[in-house]
Amino acid sequence: MDYKRSKISTEVMLMNNNVEQQLADEKTRIASITAPEELEMRLRKALNSAPAKRTKRIAPIWKVAAVVLLVTVISGQNYNAFAYFGKQLFGFDELLNGTTLQQLNEKGLGQNINKKTTLLDGTTLTINGIMADANQFIMYYTLTNPNGLEDMSVDAFRPSKISGFLTDSNAVSGTSLINEEHTEIKGQMSFDSVNPFSKKLTLHFWQQLVENGQMSEGTVTFPYNPNEAMETQIKQSINKKVKVDKGTITFKSITATPTMTVVKGKLDVDNFDRVKLGLHGIQLIVDGTPVEILGSGNQTSLGGRTFDIRFDTLPKELRSMQLVVKEFPGYQKLNEKYSLTSLSDKPFIMGDKELWLKDVSKTSQGIEITIASDDDVMLDGVSIETNNESTPLKTTINQKETKQVDGKLMKERTLLFDTQAEPESLLIEGMHYLKAYNKVIEIPVK
């Protein structure tokens, strides 16, 4: 049976093209409005200082391979340290092709489940098999409906978590394929690891009620043999700290299993959220070669902010391991004043970064200044000066990515100030950016 990988679509399919265009235009306008750069920092600090609330995370079924890595918390879990040779999971070759999971499947390191249940719309859900280790729990499933599946609609089937004895494992990532006839879907879903003492597990999922379109939670329970979980290759403490501009990164532990390698730690960094993908500048080096990063996540609670970074699997034989903080969010004080009396085709210089002044104009909303900078730059303490009076930044709008003449991608946005007075200069107290640290932590190979 031929399958095709379905495509992600951000458009809403409407019968009326005019209505569709109006909605799309309104969506673009709303998406262009962002909070002031320094206001965002204050809001994040306020949120991080509040007690954390436990919320139910509902992970949708993805139409193509997509990774949304959340925080995994594992404490005191020890899997039996012997290799299990079971049976292969068949029918999932296209999902596994060329991956570490394909190699594990070829070795028979999965568990066949073949548990069936019927969804509210008549679709048959089959949990075909699973793979498990100390880092993650992977479920392989099939959705079948001879009347047709709604092009992998996220409302038809949304896995949310796995529960069981001392187990409450959230969905982390997923990928799926649909056949040409749109009658069968093959899917793979990754969850946080499950407790090794669980003998029965329950999949929780959301499905759409046929009569009114509301969402309803469904469950299906299946047997699980923890003795068939794959053994852990490395599990050891690190407990090393790295000082950065706005705080400290503490690396707590590393756990390497047949499916991935996870480094966990704690963040005491004030401006971590000011730069996108701040953890992706941290490398795991094994025998001189970087290990591919798969994703990262962080969570704030009463105990502070924790993080995990997920890397690919490690070689069976290794001689050395290092964690390298190559890049991480940094901060540079500027306290600079830039003249706005005339536009120039040359950029302002902010430390090692450039700030391009695109336009200065007066509108009914106030003074608007359009600027462009490197994507990782976030300005701090922005205001304009007129006749010895200072007006702070009100908000930032119309943020978008643009390409310079030399091909370099820049972040362009418009700064809005609540005044009608012609500005003489732009004042910037500092900037948050992705800074090169190149700090190395040696991890003993035991």
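Are K353 and D376 buried or exposed? Both K353 and D376 are buried.

**Figure 1. Overview of the predicted chain.** The protein chain has 446 residues, and 48% of them count as buried. Its secondary structure comprises four helices and 26 strands. Among contacts with a separation of 6 or more, 69% join residues 24 or more positions apart. The chain exposes about 22,900 Å². Carbon and sulfur atoms supply 49% of that area.

**Figure 2. The salt bridge between R305 and D273.** The structure holds twelve salt bridges. In this one, the closest N and O atoms of R305 and D273 are 2.9 Å apart. The pair links distant parts of the chain, 32 residues apart. R305 sits in strand β18 (residues 304-311). D273 sits in the loop between β14 (261-269) and β15 (282-286). R305 has 9% relative accessibility and so counts as buried. D273 is partly exposed, with a relative accessible area of 22%.

**Figure 3. K353 and D376 within a salt-bridge network.** The side chains of K353 and D376 meet in a salt bridge (3.3 Å, N to O). This pair, too, links distant parts of the chain, 23 residues apart. K353 belongs to strand β21 (residues 353-363). D376 belongs to the loop between β22 (366-373) and β23 (378-386). Both residues are buried. The network of salt bridges links K353, D374, D376 and K408.

**Figure 4. The salt bridge between E412 and K400.** Side chains of opposite charge can pair when their charged atoms come close. The side chains of E412 and K400 meet in a salt bridge at 4.0 Å, N to O. E412 lies in strand β25 (residues 409-417) and K400 in strand β24 (residues 389-403), so the pair ties together parts that are twelve residues apart in sequence. E412 is buried, at 15% relative accessibility. K400 is partly exposed, at 48%.

**Figure 5. The largest nonpolar core.** This core has 29 residues. I249, F251, L284, L314, L323 and F328 touch the most other members. Strands β12 (234-244), β13 (247-256), β14, β15, β18, β19 (321-339) and β26 each supply at least two residues of the core. Leaving aside neighbours within four places in sequence, F328 is in contact with V244, I249, L267, V269, F272, G278, L279, I282, Y433, L434, K435 and Y437.

**Figure 6. I443 and its contacts.** I443 is placed in strand β26 (residues 425-443). What is the relative accessible area of I443? The value is 4%, so I443 is buried. Beyond its neighbours within four places in sequence, I443 is in contact with Q236, I238, I254, L284, M321 and L323. M321 is 122 residues away along the chain. Even so, the C-alpha atoms of I443 and M321 are separated by 5.3 Å.

**Figure 7. H432 and N271 in a polar contact.** H432 is also placed in strand β26. Its relative accessibility is 2%, so H432 counts as buried. The side chain of H432 makes a polar contact with the side chain of N271, at 3.2 Å.

**Figure 8. N135 and T257 in a polar contact.** N135 lies in the loop between β5 (124-132) and β6 (137-144). The side chain of N135 makes a polar contact with the side chain of T257, at 3.1 Å.

**Figure 9. A nonpolar patch on the surface.** F165, L166 and F197 form the patch. Together they have about 380 Å² of accessible area. L166 is located in the loop between β7 (158-164) and β8 (167-179). With a relative accessible area of 63%, L166 is exposed.

Technical notes. Residues numbered from 1 in each chain as written. Predicted model: local features only at pLDDT ≥ 70, side-chain atom pairs only at ≥ 80, totals over all residues. Heavy atoms only, no water. Buried < 20%, exposed > 50% of the residue type's maximum accessible area, 1.4 Å probe, protein only. Contact = heavy atoms within 4.5 Å. Areas by Shrake-Rupley, 256 points an atom, 1.4 Å probe, with all protein chains shown as cover. Polar contact = N/O pair within 3.5 Å; in protein donor to acceptor, adjacent residues only side chain to side chain. Patch = residues over 30% accessible without salt bridge, like charges linked within 9 Å, V, L, I, M, F, W, Y side chains within 5 Å. Core = buried A, V, L, I, M, F, W, Y, C linked by side-chain atoms within 4.5 Å.
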